[in-house]
Amino acid sequence: MITLTHVTKCYTEGIPALNDINIDIEEGEFVFIVGNSGSGKSTFLKLLTKELEPSSGQIIVNGTNLKKLRQRRVPLYRRNIGMVYQDFRLLKDRNVYENVAFAQRVIERSPRQIKKEVPLMLSMVGLAAKYRSNPKQLSGGEQQRVAIARALINKPKILLADEPTGNLDPSNAWDIMNLLDSINARGTTVVVVTHNMEIVKAMNKRVITLKKGVMVSDELPGESNA
Amino acid sequence: MRVMHKISTYIYTLKQGIINIGKNKMFSLASVATMSACIFLFGVFYSIVANFTNTVKGAEEKVAITVFFDEDMEEDAIKAIGEQIKKRPEVSKIVFVSAKEAWESYKEIYFEGNEELSAGFEDDNPLANSANYQIYLSDVSMQKTLVKYIEGMDGVRQVNKSDVVANTLSDFNKLLGYISAAIIIILLLVAVFLISNTIMVGINVRRDEIAIMKLIGATDFFVREPFIIEGILIGLMGSLIPLGILYFMYGNIVGYIVEHFVFLNNIMKFLPSHTVFKTLTPTALILGVGIGYLGSRITIKKHLKV
Ligand SMILES: Nc1ncnc2c1ncn2[C@@H]1O[C@H](COP(=O)(O)OP(=O)(O)OP(=O)(O)O)[C@@H](O)[C@H]1O
Ligand SMILES: [Mg+2]
């Protein structure tokens, strides 16, 4: 599903933020990416969404070689990837319903389908009652649920999350992680960047550890001996 | 590449454009006001120029020059003079009026109702030497030149020119045209600048949102279109408002002049509103919408890297 071969990314010449990374993530996997601040985790995700270009190496996502992907087709490519961020990145000028519906308007779903699918998705993330609220009126956990609903509404094959629980209290963090887990159980490939080692240990998934841009370990479920 | 979109998408982007204007009220209002002022001035100048042009044309349709010949001229000689005058490019029409015809029309005017009084002159036409050519001009501004030319011809006794007003009007009309063109160009530049600023503010306020939209997979069209719509709507409002005001004013002002300045009404030939607005309305709309579209297009290209 996601294959990186000898990928290096330097923001400044000679100082790699990611150094010779080789990763292979299968369809349907749930993977944690962990590492200290500045180890290159966000850089890794941005390469996958083609917000950044690698300095060298090859990235293939869902059969698409990102180097060969023309800039004009990047929007279409991104529609197959759901993105969730620590700071939620909701559109502040519209309500919960419109935030989720926006992802569908972008792909030109018919208004009738939008009216059917958005409420379904909102009830799946437990926000059916708050569809008219503005993001500002929601708690962090609720905002993150909206973001997840938006990321999933178009049924992407891949969900990428950059510290999705970073701004949440432990109970909300667990709720969100469990939500991501259930999404993965339905077949979506999920990649989660996190600092929350407690959750990582408890969930028993594949864990890739980065350190100063280098991949220092890649532990499959059950292998962890930390 | 041109991509067709669903109708629902156009409706959505239209809504977003309207919302943009609502969120950016102060700047939008300023843009609409400036645009309105431009189009209004344009309309005023257009109306004036159109009326002067109409008056000049009316004058051109009237007899501009009458040519009388030396006494007892042969018919052939008169014909030769006519042929020569006809060759001049500024002459649109030339009509021969014989002495008899001249007398007939004179009679009609001066002995109207007392035709028997004129009977005494019948055998001895008092206007025996008043056979003439009536020359109609295609370009009144050439009147002076033509008169000079004809006066220099053999066999011509006298040349009467009828209207000097037309000439002056024609010059004035040209001057007015230049002035209005200059003013309008300056104002339009100001309007483009203001619309461009309005759109720029809108883009800057929504930088984060635009970035998010693009991460979700919004195409350039989706991100840009609302801003284009915003520009077009500003242009549309900025032309409809002054058109409404102009329409209301035009009828009233012409009516007032006709009533209170009789001498002006004698010189001028005023156009009815529907004639003026048949051209002015589409021109103003195209101008307004065009500027709105252009202003937003330029800005997006410069400030919205998508
Ligand atoms: N736009 C940029 N320009 C220059 N350097 C950058 C840029 N973005 C990140 N870096 C550098 O690249 C390295 C990796 O950054 P990255 O954001 O990927 O780290 P991270 O693992 O996500 O950290 P955190 O856990 O704090 O989010 C850091 O040293 C950072 O300073
Ligand atoms: Mg990061």
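**View 1. A:R105 and its partner A:E98.** A:R105 is buried, at 18% relative accessible area. Buried means under 20% relative accessible area, exposed means over 50%, and partly exposed lies in between (1.4 Å probe, protein chains only). The side chain of A:R105 meets that of A:E98 in a salt bridge, 2.7 Å from N to O. A salt bridge here is a side-chain nitrogen of Lys or Arg within 4 Å of a carboxyl oxygen of Asp or Glu. A search of the whole structure finds 13 salt bridges over all chains.

The model is predicted: local features need pLDDT of at least 70, side-chain atom pairs count only at pLDDT 80 or more, and totals for chains, interfaces and linings use all residues. Residues are numbered from 1 along each chain as its sequence is written, chains are lettered from A and ligands numbered from 1 in the order in which they are written, and side-chain values use heavy atoms, with hydrogens and water left out.

**View 2. A salt bridge between chains A and B.** A:D93 pairs with B:K23, with the closest N and O atoms 2.8 Å apart. A:D93 sits in the loop between β6 (81-85) and α3 (96-106) of chain A, and B:K23 in helix α1 (residues 7-23) of chain B. Helices (H or I, at least four residues) and strands (E, at least two) are DSSP runs, numbered from the N terminus. A:D93 is partly exposed at 27%. B:K23 is partly exposed at 44%.

View 3. A:R89 and A:D87 form a salt bridge at 3.2 Å, N to O. A:R89 has a relative accessible area of 28%, and A:D87 has 46%. A network of salt bridges links A:E29, A:R206 and A:D218.

**View 4. The largest nonpolar core.** This core has 82 residues. A nonpolar core is a set of buried Ala, Val, Leu, Ile, Met, Phe, Trp, Tyr and Cys residues joined through side-chain atoms within 4.5 Å. Helix α9 (residues 220-260) of chain B gives the most to it, with 12 residues. A:F32, A:F102 and A:L180 are among the residues with the most contacts inside the core. Beyond its neighbours within four places in sequence, A:L180 is in contact (heavy atoms within 4.5 Å) with residues including A:F30, A:I148 and A:V192. Another core, of 31 residues, lies apart; A:I59 and A:M83 are among them.

View 5. Most residues other than glycine have a negative phi. A:N62 has a positive phi of about 50°. A:N62 lies in the loop between β4 (56-61) and β5 (64-65) of chain A. Phi of A:K155 is near 55°. A:K155 is exposed, at 60%.
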